[in-house]
Amino acid sequence: MQAHFAELAALVGQISGFIYPNEIELQWSILIVIYPYLTGLVAGAFILASLEKVFNVKELQPTYRLALLCALSFLIVAPMPLQAHLGHPERSLEMLMTPNPNSAMAMFGFVYLWYLLLVLLLEIWFDFRADMVRWSQQSRGLKKFFYSALALGTTDISDEAVAFDHKAVYTITLVGIPSAFILHGYVGFIFGSIKANPWWSSVLIPIVFLFSAIVSGIAMILLIYYISSLIRGQQPKMPCMDKLASFLLYALILDFSLESLDFIHRLYESEESIHILSELIVSKLFLSLTIVQIMLGTILPLLMLAFGRYSRLPAELKRIIYVISAMLIQVGIFSTRWNVVIGGQLFSKSLRGLTAYKLEMGGQEGLLAAIGFLILPFLIFLLLIKILPPWEDEKETVPAAIEA
Amino acid sequence: MADKINRRDFVRKVVEGTASAVMLTVCGPMRSLANASEEAATEPSAPAYDATQHYYGMGVQIDRCIGCGKCADACKSENNVPREPFYFRTWVERYVIDAEREVHVDSPGGGLHGFSPPAAEEDILRSFFVPKLCNHCDHPPCVQVCPVGATFKTQDGVVLVDQDYCVGCRYCIQACPYGARYLHPEKHAADKCTFCYQRITKGMLPACVEVCPTQTRVFGEINGISSPLHRLMKMEEIQVLKPELNTEPKVLYTKLDGEVR
């Protein structure tokens, strides 16, 4: 407690102008930055997966299952930083038991459960069911039981049954696309609906969140597809990489246009808050917004992708350009989340001053905890691809990792 | 004849009447005493408080405030607000508008220990103090966003937090346009001004109103025709903070400068 007070006292020196005295303590820390970053990856990965299923983009076939499992891994971790951030984590279930129907945040649990249970798990189950049955039939002992249990005891892999699975996956994807839009648009609404905060309060925020989610999701799948191919000693399929890069480029252009629109709109309307927001951008957010988010995270990968996609470079070089672009985009989107969540708390609601945020190393809301929440989805992903190998060429063989 | 009363009857009636009068005189109070002690055993001795009969607000007369900070100090004592200068249920801001119409605002330690004089007094165009607190909005954004309904508006118009129910998500702190809320460092729940609910429901004034030496703050019924607050609303021009946000504050300022946010 005393250490916390000492930290706050140290922050007082970094205040410029006037802030309300209660505003010295920054309420939403880096953990709340991670939350929209992770849900964005979920929504983006799912929307990419649905391109293959619903819009029949054949080139993306190798990424379909990867995208689904990746979305599930991120979705499992998404609520964890929120839970860790609560003052009373033990009361969090009250949000489901006694929700305030007027609260945007109270709907989180329902949107989340809908998406997890009715979209992702169901789609993954139908998509893998025939494989799980086959894996169960081909193995013995505990492993046989494990896959049989995962398949919920079903054994029918007749053409008719598999055709039904395909139909089910198609239908769930149809429901899933608007659900993914709702999941992340909703996260944007949590911020966009706060009229007290001029940095957040914008009708465009949910839409900007959505498109940046699609960008981050596609970039993540591109990276995962590339790295997993290398690890498995295979060449990443060039048509797939090209298609991913194309979609990434389109989504990035849309996302950048929307963000520019938001920016120009604010500047042109020039409301009461414009002075303090301008000060915020040129001082506290200069590095994370201008340099990292806009220059390194958006404009540079945009040019690189356009160049890589439409030039006559050798395939190897093209792939490297795509991968570097996708990495830059990840950093850029994380900065976007940072600039929204932290940036929105760095100016006083009196519009007369700027405050500061000191990221701690350790502790519940420190950098190490944040890194942990960012690594955890990849560990879950590794586990999931061991249990449910998403590789097309290994469909017939039994996963080796689950040895009893 | 029916109206004829004989002497014996008369005497009997007189005796009966006297006896019952004596009985009533002696036993009546005894019975009510007994009832009272029964009531005392089942209900608190304070008169029952009926929230539906009140609708509270607070007037703040800016031209009266001398920036002594007694209100903020009394509030901390009355409500166990942490003494560290990062947590306030009420505080005082000083506005100094200089000759170049530049606005300087400060609130050192919430104004709890008063203010040091501004550097050059001759350069000041105008200057004044603004006491701030929760506005107990009629249309409170904090209540709207609370995911579990732990913060709520009572029938008497006061916005309260159930700290045994608050999950500590801090969405309400983000939603408050006035910076009137904070996360209590020990309770890990949202905290804010309650108009000293523990006092006003007993007929007392909030601590800040009680100690103000200049009667800057006027607490009372918004709807009561004969209340001091109602009289203030009748005699003075009233402004509220950030009216464009449509929160409908019930903290009503007089002589509020346009620079105050």
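Select A:Leu248. Leaving aside residues up to four places away in sequence, A:Leu248 touches A:Val215, A:Ile218, A:Ala219, A:Leu222, A:Leu305 and A:Ala326. Contact here is a matter of C-beta atoms, placed from the backbone, lying within 7 Å.

Before moving on, note that this is a predicted model, in which local features need pLDDT of at least 70, side-chain atom pairs count only at pLDDT 80 or more, and totals for chains, interfaces and linings use all residues. Residues are numbered from 1 along each chain as its sequence is written, while chains are lettered from A and ligands numbered from 1 in the order in which they are written.

**The core**

Together with A:Leu248, A:Ile221 has the most contacts inside the largest nonpolar core, a set of 170 residues. Such a core joins buried Ala, Val, Leu, Ile, Met, Phe, Trp, Tyr and Cys residues through C-beta atoms within 7 Å; buried means 20 or more other C-beta atoms within 10 Å of a residue's own. Now select residues 30-54 of chain A. This is helix 2, and it gives the most to the core, with 17 residues. Helices are DSSP runs (H or I, at least four residues); strands are runs of E, at least two.

**Two domains in chain A**

Colour 13-28 + 239-358 as domain 1 and 32-193 + 363-404 as domain 2. The bounds come from an automatic or database domain assignment. Their C-alpha centres lie 27 Å apart. Where they meet, 12 residues of domain 1 are in contact with 11 residues of domain 2. Which helix gives the largest share of the domain 1 side? Helix 13 of chain A does, with 6 residues.

**The sheet in chain B**

Go to chain B. Here 3 strands form an open antiparallel sheet in the order 3-2-4. Strand 3 and strand 4 (124-133) are at the edges with a single partner strand each, so one side of each has no neighbour in the sheet. Select strand 2 (residues 90-98): 4 bridges join it to strand 3. Strands pair if DSSP finds at least two bridges between them. Zoom in on B:Ile97, which stands opposite B:Val103 in strand 3.

**Where the chains meet**

Show both chains. The contact takes 38 residues from chain B and 36 residues from chain A. On the chain B side, the elements giving two or more residues are strand 3 (103-106), helix 3 (141-145), helix 4 (171-175) and strand 7 (182-183). Finish on helix 4 of chain B, which provides the largest share of that side, 4 residues.

Definitions and conventions. Contact = placed C-beta atoms within 7 Å. Buried ≥ 20, exposed ≤ 12 C-beta atoms within 10 Å, placed from the backbone.
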